Amino acid sequence: MRAIPMIVPALAALSGTALAHHSFSMFDMKKDVTAVGVVSDFRWTNPHAWMHVDITDAKGTKATWALEMTSPNTLVRSGWRRSSFKPGDKVTVTYHPLVNGKPGGALVKVVLPSGTVLENR
Amino acid sequence: MRRASAWTGAALPLACLFAAPVSAQEQNAAADLPETVWPASAPAVDFGALQALPDWRGLWAPQPRLAPRPESPRLLGKYKALYDEIQTLIASRDPEALLKVERRASACEPPGMPGIMTQPYNIEFLFTPGRVTMIQEAYMQVRRIFTDGRPLPDDPDQTYNGFSIGHWEGDTLVVTTTGLRDGGVMGRWGITHSDKMTLTERIRLDPADKDLLVVENSFEDPIALAAPWHSTYYFKRQRHLDQLEFICAQNDRNPINENGDVEFLDAAP
């Protein structure tokens, strides 16, 4: 991670909450991207839960996005369950993208078809 | 043999047949192991004494925003140099600053004392006769604080959480910890200590709020600090939760590469 444009907000965010696993400097924490996609994988694991979402962009190009959450320990206290969704589910995800441009990011929230909002915090 | 075993019985005749003559001065190092039984493990036990201790049950969630900003540490030598370097990097807004302060072998490597107290996960305390045990939910880390009168070791190994003894002063648990690793972090942004650091914690419930736990730290370090350095941590009680399992090696997709950078693996192992 050599080119990190938003180091100051990242530092400010970190000073409030100590880190358990790693910093957020690899993500553009000032940028929220919202997209609709189909869940292809969901891992209810430590140190992070992960979801893979197949997202088709405006040009019709499909890519699988890897989105990292916090731990199941924290998510379960925000209303998540290991059964919150499953591969094939259509979801709306909001995330902070990787600064290196690869299809990955830190999840902000997921909106399920039912309207249920699962926040990553 | 202090510790007889089936192996000993089976192997001894063979050893007599094939082994070279043994010098009279030779002695198995295991013969020098200490055999002291401290009160925390002694056959005689008084569970009733626990009744006099304060109620610290439940989980304790860290409250970093309640903590006052600590004074600037008066660091010495290489510890000051590292601190100054990181402060300069932060002031320059160099992205390397963040990497510098978190450079570790693995993101799953625990922080050690006192970092175990400041991870963004809850802690809990267990009281047994002669001992207080603290469990940090993140990575399921354990601190053992012996309150049975044993002394600190003269020559401790340097470990992540060190060796801790404690005693009760009223409802305050006073803990002394030594045997921590050189270069361990005692505060944010490059505040590190030597392996000669002694940490004293005074842990108590806030008299005005029995659901608020206060930990007052005093760091003394003849190598890294010109004067004692202090910090305070706060925790709020949560009675409705239990700790959950946390195995950091289960799916660690953030390895740290040879440059010290945290990676992001986009595929599940």
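In this predicted model, B:Ala42 is exposed, with 11 other C-beta atoms within 10 Å; a residue counts as exposed if that number is 12 or fewer, so B:Ala42 falls on the exposed side of the cut-off. Its place in the chain is the loop between α1 (6-18) and β1 (59-62) of chain B. A separation of 21 Å lies between the C-alpha atoms of B:Ala42 and B:Val175, two residues that are 133 residues apart along the chain.

The model as a whole scores ipTM 0.81 and pTM 0.85. Chain B has an average pLDDT of 88, and 86% of its residues score at least 70. Residues 1-11 of chain B have a pLDDT below 50, and this stretch makes 4 contacts in the model beyond near neighbours in sequence. For chain A the average pLDDT is 85, with 84% of the residues at 70 or above. Here the pLDDT is below 50 over residues 1-18, a stretch with 42 contacts beyond near neighbours in sequence. Where pLDDT is low, the predicted coordinates should not be read in detail.

Within α2(B), the residues B:Tyr79, B:Ile86 and B:Leu89 are buried. Seen down the helix axis, the buried residues of α2(B) fall within an arc of 95 degrees, so they line one face of the helix. The face turned away from this buried side carries the exposed residues B:Gly77, B:Ala81, B:Asp84, B:Thr88 and B:Ala91. Just after α2(B) comes B:Arg93, which takes a positive phi of about 60 degrees.

Chain A contains 2 helices and 6 strands, arranged along the sequence in the pattern α-β-β-β-α-β-β-β. Of its 121 residues, 40% count as buried. Among the contacts in chain A between residues at least 6 apart in sequence, 51% join residues at least 24 apart.

The strand β1 of chain A (residues 33-43) has two partners described here. With β2(A) (residues 50-56), β1(A) runs antiparallel, joined by 6 bridges, and the two strands form a hairpin with 6 residues between them. In this pairing A:Val39 stands opposite A:Val53 of β2(A). Strand β1(A) also pairs with β4(A) (residues 90-97), again in the antiparallel sense and over 6 bridges. There, A:Gly37 has A:Val91 as its bridge partner. In a regular strand the side chains alternate between the two faces of the sheet.

The largest nonpolar core has 34 residues, and those touching the most other members are A:Met26, A:Trp50, A:Met51, A:Val53, A:Leu67, A:Val93 and A:Leu107. Strands β1, β2, β3 (62-68), β4 and β5 (104-111) of chain A each supply at least two residues of this core. Apart from this core lies another, of 30 residues, including B:Trp56, B:Val175, B:Phe219 and B:Leu225. Returning to chain A, which residues does A:Leu107 touch, not counting residues up to four places away in sequence? They are A:Leu67, A:Glu68, A:Met69, A:Val93, A:Tyr95 and A:Asn120.

Methods. Residues numbered from 1 in each chain as written. Chains lettered and ligands numbered in written order. Predicted model: local features only at pLDDT ≥ 70, side-chain atom pairs only at ≥ 80, totals over all residues. Pairing = 2+ DSSP bridges. Helix = DSSP H or I, 4+ residues; strand = E, 2+ residues; numbered from the N terminus. Core = buried A, V, L, I, M, F, W, Y, C linked by C-beta atoms within 7 Å. Buried ≥ 20, exposed ≤ 12 C-beta atoms within 10 Å, placed from the backbone. Contact = placed C-beta atoms within 7 Å. pLDDT = per-residue confidence, 0-100. Arc of directions from axis to C-beta.
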